[in-house]
Amino acid sequence: MTAALSLVASHVLAQAKVLDPGRHHVLHPAAPQAGHIEWLYWFIFWILFAVFVLMIAAFAGAGAKARVVASGPLPIVEKDEEADHRAGWAVGSAMAITVATLFVVLVLSVVTGKRVEGLTSKNPVTIQVTGHQWWWEVSYPNSQADQTVTTANEIHVPVGSPIVILTNSKDVIHSFWAPNVTGKRDLLPGYSSAFWFEIDQPGIYHGQCAEFCGLQHAHMGFSIIAESVDEFQAWQQQQLKNAAEPSTSEAIRGREVFLTHACLMCHTIRGTDAGSRFGPDLTHVASRNMIASETLPNTAGALAGWIVDPQRIKPGTQMSPNPLSPDDLQAVVAYLQALH
Amino acid sequence: MQVRLQLMVVLSAITVLGSCSREDRILRQPPSASNTLNTVQISGLNPGANLIPTPPSSNMYQESAYSVSEGQKLFEAYNCVGCHAHGGGGIGPPLMDSNWIYGSEPGNIFATIMQGRPNGMPSFRNRIPEYQAWEIAAYVRSMAGLLPKGVSPNRTDEMNIKPAESSTPKQTPTGITGVPEQPK
Amino acid sequence: MAVAESIVANDQDTGQSELALRLARTWRQPGGFWGWFCNTHHTDIGIRFMVTAFIFFLLGGMLAAMIRLQLIRPENSLMGPDLYNQVFTMHGSTMIFLFAVPLMFQGFGVYVVPLMCGARNIAFPRLNAFCYYLYVGGALVLWGGFLTNTGPDVGWFAYVPLSGPSYSPGHRADIWSQMITFTEVSALGVAICIATTILRYRAPGMTLNRMPILLWEKLVISMAVIFAMPAVMIASGLLLLDRLVGTHFFNPAEGGDVLLYQHLFWFFGHPEVYIIFLPGAAIISTLVECFSRRRIFGYTPIVVSVVATGFLGFSVWVHHMFATGLPQLSESFFTAASLMIVIPTGTQFFCWVATIWYGRLQLRLPMLWCFGFFFVFLIGGLSGVMLASVPVDLQVHDTYFVVAHFHYVLIGGALFPMFAGIYFWFPKMAGRMPSETLGKWHFWLFFIGFNITFFTLHFLGLRGMTRRIYTYSPDMHWQGLNVLASSGVVFMTAGLLVFLANVFHSMRVGAIAGNNPWGDAGLEWSMSSPPPPYNFLHVPTVSGRDPLWEDPPDQAIVVGLRDDIRETLVTHSLDAEPQHKDEDPGPSIWPFLTALSVSAAFVGSIFTAWAVPIGAVPVIATLIGWLWPRGESPTPLPTGESWLR
């Protein structure tokens with residue numbers, strides 16, 4: 001028991017390390033897109049900082065002459081053409097500087113926008129991301145239907161090659177955002193749009209839904225797993241396979257439980273009778289780091305807790321509670337954990 | 001000042017009035033909710049004939065607009081629409097009319113879902129949790145107008161069974177011979 | 001000789017006080033319980049707007065405190081998502097629709113504008129009273145809904161399809177939509193009253209280019225309201241039709257469009273920001289002039305800026321929608337427009353600095369709040385420049401960075417000027433001075449608390465914390481900053497308590513204010529405090545922008561208005577030449593009854609479509625009562641100069 005607990009704990013720790021949330025930051029770019037934006041951010045920031053200091057200095061200078069006279073209002077200042085003239089010059093030049101600064105910001109912003117958005121490569125990796133309440137369906141479309149990889153919440157991409165994300169939504173508006181990678185893009189039902197990015201450092205980058213989408217908006221995370229082209233291709237080949245046949249007796253029993261209970265009403269496991277597309281595809285669920293839209297680590301304990309009472313972890317989620325007997329539960333978990 | 005007081009009275013009266021279950025979001029299912037079935041008799045041996053009158057049974061889920069709407073989502077997700085369409089019927093009987101082969105009480109519909117019926121209605125026992133069957137039952141009743149308007153879903157964001165009026169092809173009314181009658 | 005003079009003066013005084021008595025009798029508002037509902041005088045209705053809106057500000061603030069309490073630690077179990085979604089939706093809706101606009105635009109506007117114009121009442125006083133009751137109706141509907149677990153939970157913007165019939169069952173989103181109808185009808189009505197008052201009720205001599213800046217701003221805001229509010233009413237109206245009648249305006253599967261809603265909403269939503277900010281700027285311009293003891297520098301640039309803001313405000317709405325994936329060209333256009341709006345705002349800032357610099361600054365309590373405004377709004381405005389840039393916006397959109405930005409803008413642009421304005425006009429409204437000591441405590445507590453809370457949020461946003469999440473994982477390491485942000489709430493709450501204490505204390509034992517305690521130039525300071533029911537003993541005339549500073553002691557007054565009926569003077573909209581006399585309709589119960597029947601129809605229509613035809617009957621009946629001819633037509637004004645003395 002203790003060993004199992006420590007195993008879980010170490011797994012969670014490892015998870016935390018892989019995700020490295022300290023780096024989950026707009027200003028820690030892992031992609032050229034986020035890099036350009038970071039540069040623009042700091043550029044505008046320093047301009048604005050200078051403006052701020054100047055304005056505060058002006059107000060402080062003007063305010064320093066203040067008098068606190070409790071005994072009533074001071075007399076009115078006489079009309080002073082000279083002062084008006086000087087003030088006119090000051091205000092006029094301040095306005096001129098403002099206009100010039102804004103123009104610089106505008107030009108840099110448009111140029112950066114072009115650099116972020118313009119895609120030159122003709123042969124990008126295309127990924128279809130479909131928003132659901134409250135998870136992400138991810139597929140790698142291919143002209144041959146049996147070459148299409150479908151997974152959920154974890155997006156594997158090769159490092160150094162351009163990735164095009166096609167967006168769509170099954171229900172309400174969601175927004176796809178991984179701060180380290182690039183700006184966000186809304187997933188609108190009835191509209192499909194595309195944007196692209198490229199990641200230059202391997203690693204796991206956390207992302208989440210940025211548009212309020214209902215009860216579990218807070219728990220709608222995803223991650224982008226950037227790996228070498230070889231690793232990516234190996235992963236893709238693995239994902240194309242049907243589900244692994246369970247090898248242990250417990251896992252075989254788990255498959256029985258899966259196919260005779262509520263699980264198959266919503267989930268797909270390719271190679272079995274389970275083929276519903278209401279919930280995430282579980283064909284290779286064991287290959288993912290996290291479950292429940294990046295809410296829990298993909299461990300036996302978390303998986304069991306999630307299956308029995310998902311509404312405790314994500315109240316309102318579409319997944320129904322499954323009061324399985326302990327044996328059945330263990331078997332299902334064993335089966336799911338074997339789906340590499 | 002007196003008027004403020006009156007306002008406060010009105011406000012607190014509103015508060016007291018509304019302990020309204022229509023808006024409850026039942027997110028965690030009470031365990032008791034699932035164990036109240038199968039006490040309802042449905043019919044004799046012949047479907048549709050000699051219906052046994054059943055006492056009205058209650059269904060907490062049909063008082064909550066959220067649960068009915070969840071039922072609507074599940075109706076889609078579990079492919080009930082495959083046979084019943086969005087209530088209009090097809091392979092299965094329509095659900096939006098007032099004909100009930102196996103009774104219209106929540107318990108009847110629940111039993112129909114859980115036990116299945118001859119001629120094609122599969123049994124969903126062990127396939128879906130009981131509370132979801134209650135939610136679907138509530139939605140089915142709402143389609144037939146048996147639920148108050150406040151909890152019934154108005155429409156979905158799905159396609160309608162009937163195409164939008166603007167996109168229906170133009171039709172010419174035809175008589176038995178197929179030729180429109182010309183006014184003399 | 002001296003004796004004779006004093007006799008004449010005394011004689012004049014008796015004449016004056018007799019006139020005052022007659023006017024007071026004529027303009028008297030009924031008392032008692034029913035009298036309260038018949039009142040149509042703008043000072044009373046204005047104060048009611050302000051008090052009611054302030055109550056909702058406190059309620060909205062409590063919700064904000066609940067939000068900060070929930071986020072104080074990861075995976076907090078204080079609130080579930082169901083309640084949390086209602087709480088933040090209620091917070092936003094209350095603050096925008098029930099507090100900011102009603103207080104900053106309607107409350108201050110209704111109270112101050114007729115006084116500044118030199119008018120005896122607002123134009124269309126019954127419509128004005130009706131708007132107040134309708135606003136209260138909308139507020140009660142929203143809060144009644146919240147207290148009965150029917151509080152909207154779809155965000156204050158209620159994007160479809162989340163707020164549509166499929167994803168928002170029950171009547172929660174209907175309550176939100178109908179609240180919009182209530183409050184926006186109310187704002188539209190008041191905008192018409194205020195715009196008409198400014199254009200037609202100005203004192204003779206107050207030509208357009210002599211209008212106080214505050215009146216200019218109120219005029220621009222009224223116009224913005226008249227053009228912006230219909231957009232949101234259409235949006236919420238179509239949403240209601242989708243939800244209640246089953247139309248498909250926003251159903252993508254049937255050719256409906258989810259982006260249409262966003263365009264309609266933000267076409268209102270962005271001008272709304274200026275509808276909230278410009279009243280603040282108006283207060284600042286008034287106060288800077290008064291406490292710098294000099295004419296405001298750059299009257300013309302400021303007025304042009306205000307008008308430009310009014311127009312530009314309508315061309316930037318898409319910057320709320322950059323993330324929807326628009327073509328680059330339109331993104332660049334809206335970036336340029338959003339950056340352009342910095343120019344008029346910057347111009348106003350520069351003119352304020354210049355006025356203070358070349359003036360004789362007196363740092364009284366209201367002016368302290370103005371300096372608070374300068375600091376806070378400057379930060380908000382500058383971070384707004386970042387958000388105008390599409391690439392940066394795409395990163396920080398819908399994160400706590402944006403939350404920080406718009407709280408700096410809205411609290412900076414509305415709340416700080418509001419407190420400045422309350423302290424400034426408190427002597428006029430209450431007749432007594434507010435306590436400077438308590439006011440300073442209030443300022444420093446609130447200022448420090450505000451900056452602790454909201455400056456911190458910038459960093460949370462950059463660290464990737466998105467908005468409207470009811471909880472977060474400990475792995476994200478957001479707790480420290482959240483605790484810091486939440487701790488500011490303590491200071492702000494303390495500040496508000498000090499403010500309330502100050503108001504109640506000063507209302508009873510504050511120093512007697514007199515007519516013009518701050519030595520301001522506006523006409524509203526020429527009568528006793530609080531103003532008598534007829535406002536001005538003699539309708540004044542003006543010969544400059546700062547009447548009380550510039551006008552000679554023998555400035556002409558308007559004569560020839562009868563004192564036995566409620567006569568008002570209508571002047572030309574451009575040069576304020578007197579045109580004719582109008583009769584104020586006086587107190588009436590009908591606006592209240594009409595508001596009641598309209599409210600019943602609005603609320604009923606949430607539950608059944610029959611409420612529309614059936615509810616129309618009492619509405620029509622009360623409208624007939626309201627509009628029943630009174631028989632007496634306004635007397636034409638004698639021609640020539642005979643009306644001036």
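How are H7(A) and H9(A) oriented to each other?

**View 1. Packing of helices H7 and H9 of chain A in the predicted model.** Helix H7 (residues 300-308) of chain A packs on helix H9 (residues 326-337) of chain A at an angle of about 120 degrees, the axes being 10 Å apart; axes are lines fitted to C-alpha atoms over the stretch in contact, and angles run from 0 to 180 degrees between N-to-C directions. H7(A) and H9(A) are therefore oblique to each other (under 35 degrees is roughly parallel, over 145 roughly antiparallel, 65 to 115 roughly perpendicular, the rest oblique). Ala300(A), Leu303(A), Ala304(A), Ile307(A) and Val308(A) of H7(A) meet Leu329(A), Val332(A), Val333(A), Leu336(A) and Gln337(A) of H9(A). Contact requires C-beta atoms, placed from the backbone, within 7 Å. Nine of these residues are nonpolar, one is polar and none is charged (nonpolar: Ala, Val, Leu, Ile, Met, Phe, Trp, Tyr, Cys and Pro; charged: Asp, Glu, Lys and Arg; polar: the others, Gly among them).

**View 2. Contact between chain C and chain A.** Chain C contributes 73 residues and chain A 78 residues. H11(C) gives the most to the chain C side, with 11 residues; helices are DSSP runs (H or I, at least four residues) numbered from the N terminus. The chain C side divides into 42 nonpolar, 21 polar and 10 charged residues.

**View 3. Contact between chain B and chain C.** Here 26 residues of chain B meet 27 residues of chain C. The chain B side comprises 10 nonpolar, eight polar and eight charged residues.

Residues are numbered from 1 along each chain as its sequence is written, and chains are lettered from A and ligands numbered from 1 in the order written. In this predicted model, local features need pLDDT of at least 70 and side-chain atom pairs count only at pLDDT 80 or more, whereas totals for chains, interfaces and linings use all residues.

Conventions. Two residues are in contact if their C-beta atoms, placed from the backbone, lie within 7 Å. Helices (H or I, at least four residues) and strands (E, at least two) are DSSP runs, numbered from the N terminus.
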